[in-house]
Amino acid sequence: MLPRWIPAACHQRRLLARLPSRAYSRGRVFDAAARDGELRVFVVAGEVSGDSLASRLMASLRKLSPVPVRFAGVGGQLMCKEGLQSLFPMEEIAIMGLWELLPHIYNIKRKIVDTVDAAILFRPHAIVTIDSKGFSFRLLQQLKCRYNQKADSPLHVHYVAPSFWAWKGGESRLSKLRDFVDHMLCILPFEEEICRLNGLPATYVGHPLLDDAAGLNVDPELPSDKSVHQRSAEAFRLEYGLSPDATILTMLPGSRMQEVARMLPIFLRTVQHLSHTLNELSLVIPVAPHRDVKTYVENVVRSVPFPVVLIPGGSLEKRYGAFNASKAALCTSGTAVMELMLAKLPCVVAYQAHFITECFIHLRKKINFISLPNILLNSPVVPEILFRACTDKKLAAKLSEVIFDDEVRQLQVGSAERVLQVLYKPIEQRGNLFAEELGDSSLSPNVYSPSMIAALTVLYIDKNRRMVQN
């Protein structure tokens, strides 16, 4: 069960005491770290979700390492709290879309060169890139060329597989990644097998949503405790001075500046259409830890004619407190919709892009959905209003259904359990496999969170083939 993923301190100490004699000499990364007396990991993330993933991975690597750990690379606030001194602000490479990228191409190329130089100078045992495939893959390609098949070249790991399954011909591109990616860490269960069938070593390590569940003491094998949700909602309303009768809507307009500037005005116009139907309407907006985003949001909401509460988007407790207090949510596609599923908060997914980017997507896509709950269940449980169809009037009509139609609400709430089970079941099997390979059958598989499994996979990737391939 998820709560036991975070072991008691004494159990953790016993686990770490056993590992050096049994397993630490069996992996390429640990062999090199033991030789050098420290573990050096170069880690790169380009957006807020990647910053969160990377910070958890860094914490897990530090817990498991028998030698001191040093980090270098590019990241955000959460990674810096784990000891990273970022080469430059992560936001400088947080760009999404074809047309949207064009004005920034020269700067991105310069950042790649600077990052390659820094990685070579750092002499890492492992290089881990998180998501942001445009920047990450070009970085890994150039690093592979610079190392030129040297025996002591670092392990190249990419965390979060690109959504190859969403695009026509996408799977065929996986085989090309083998030239510069040694191992892929997947966050969706079906990705691992597809990667391997195309010649790319891969491991399903678990979706970050499961780390959220562990942090919130949510067990996917048990019905949710409504009293816990109620207490969290009441505490949130009390902290921010919102009355018990207020109708709270959460808005999640994204983490990148370009998408926030595009989606937040649409979301605000949407709720204005419904304001006369909602009692004491109040809005909550989790704000990404990005200075420009924070400034933009603060300026925009000043003219909103109803109360708006801004909370730090990097705070797990405050985000889920807002979700528990809310009646419904508007969100862009991405990690946010999975968080809303965990909180069992009904929502509408909305997204717009530049016309050229939209045309490219329509030509290349091979799936009918963009939100992960719909993809995992192969069913439109979460309403999606996308691209040119994404207008404030259409969004208002769909959001009204989600707020007032009990059948529509129950469809999403009931689907949350199924989504969690799809993500969680393979993690149990992986935990058993690690316990067996580490030579201690008494270890509970629930000791491992997704970030812990990701760290173990990085550290034992070469010698423990059965651990990452079964």
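Mentor: Contact, or touching, means heavy atoms within 4.5 Å. This is a predicted model, where local features need pLDDT of at least 70 and side-chain atom pairs count only at pLDDT 80 or more, while totals for chains, interfaces and linings use all residues. Residues are numbered from 1 along each chain as its sequence is written, and side-chain values use heavy atoms, with hydrogens and water left out.

Trainee: Which residues does lysine 111 touch, not counting residues up to four places away in sequence?

Mentor: Lysine 111 sits in helix α6. Helices (H or I, at least four residues) and strands (E, at least two) are DSSP runs, numbered from the N terminus. Its C-alpha lies 8.7 Å from that of glutamate 92, 19 residues away in sequence. Leaving out those close in sequence, the residues touched by lysine 111 are Phe88, Glu92, Ile93 and Phe135.

Trainee: Is lysine 111 buried or exposed?

Mentor: Buried means under 20% relative accessible area, exposed over 50%, and partly exposed in between (1.4 Å probe, protein chains only). Lysine 111 has 14% relative accessibility, so the class is buried.

Trainee: What is the relative accessible area of threonine 115?

Mentor: Threonine 115 belongs to α6, residues 105-122. Beyond four places in sequence, this threonine contacts Phe42, Val44, Val74, Leu87, Phe88, Phe135 and Leu139. Threonine 115 counts as buried because its relative accessible area is 0%.

Trainee: How many helices and strands are there in the chain?

Mentor: The chain has 470 residues, and 53% of them are buried. Of contacts between residues at least 6 apart in sequence, 72% join residues at least 24 apart. The secondary structure comes to 21 helices and twelve strands.

Trainee: Which residues touch the most other members of the largest nonpolar core?

Mentor: A nonpolar core is a set of buried Ala, Val, Leu, Ile, Met, Phe, Trp, Tyr and Cys residues joined through side-chain atoms within 4.5 Å. Tyrosine 159 has contacts beyond four places in sequence that include Leu53, Ile130, Leu185 and Pro450. A second, separate core has 33 residues, among them Val260 and Leu395. In the largest core, with 103 residues, the ones touching the most other members are Leu39, Ile130, Tyr159 and Leu423.

Trainee: How far apart in space are proline 307 and leucine 283, C-alpha to C-alpha?

Mentor: Proline 307 lies in the loop between α13 (291-301) and β9 (308-312). At 46% relative accessibility, this proline is partly exposed. Past four places in sequence, its contacts are Leu281, Ser282 and Leu283. Proline 307 and leucine 283 are 24 residues apart in sequence, yet their C-alpha separation is 6.3 Å.

Trainee: What is phi of phenylalanine 387?

Mentor: Most residues other than glycine have a negative phi. Phenylalanine 387 lies in the loop between β12 (384-386) and α18 (392-404), and is buried because its relative accessible area is 10%. Its phi is positive, near 55°.

Trainee: What is phi of glutamate 280?

Mentor: Glutamate 280 is in the loop between α12 (257-274) and β8. At 42% relative accessibility, this glutamate is partly exposed. Its phi is again positive, near 45°.

Trainee: How many disulfides does a search of the whole structure find?

Mentor: A disulfide is a pair of cysteine sulfur atoms within 2.5 Å. Cysteine 390 is buried at 2% relative accessible area, and cysteine 80 is partly exposed at 37%. The number of disulfides found is zero.

Trainee: How much space lies in the second largest pocket?

Mentor: On a 1 Å grid over the protein atoms alone, a pocket is an open set of points where a 1.4 Å probe fits, with protein on both sides within 12 Å along at least five of seven lines; lining residues have an atom within 4 Å of a point. Grid points are joined across faces, edges and corners, and a volume is the space filled by probe spheres set on the points. For the second largest pocket, that space is about 670 Å³.

Trainee: Which element gives the largest share of the lining of the second largest pocket?

Mentor: The lining has 22 residues, and those closest to the pocket centre are His229, Gln230, Asn324, Ser326 and Lys344. Elements giving two or more residues are α11 (226-239), α14 (316-325) and α19 (406-437). The largest share, six residues, comes from α11.
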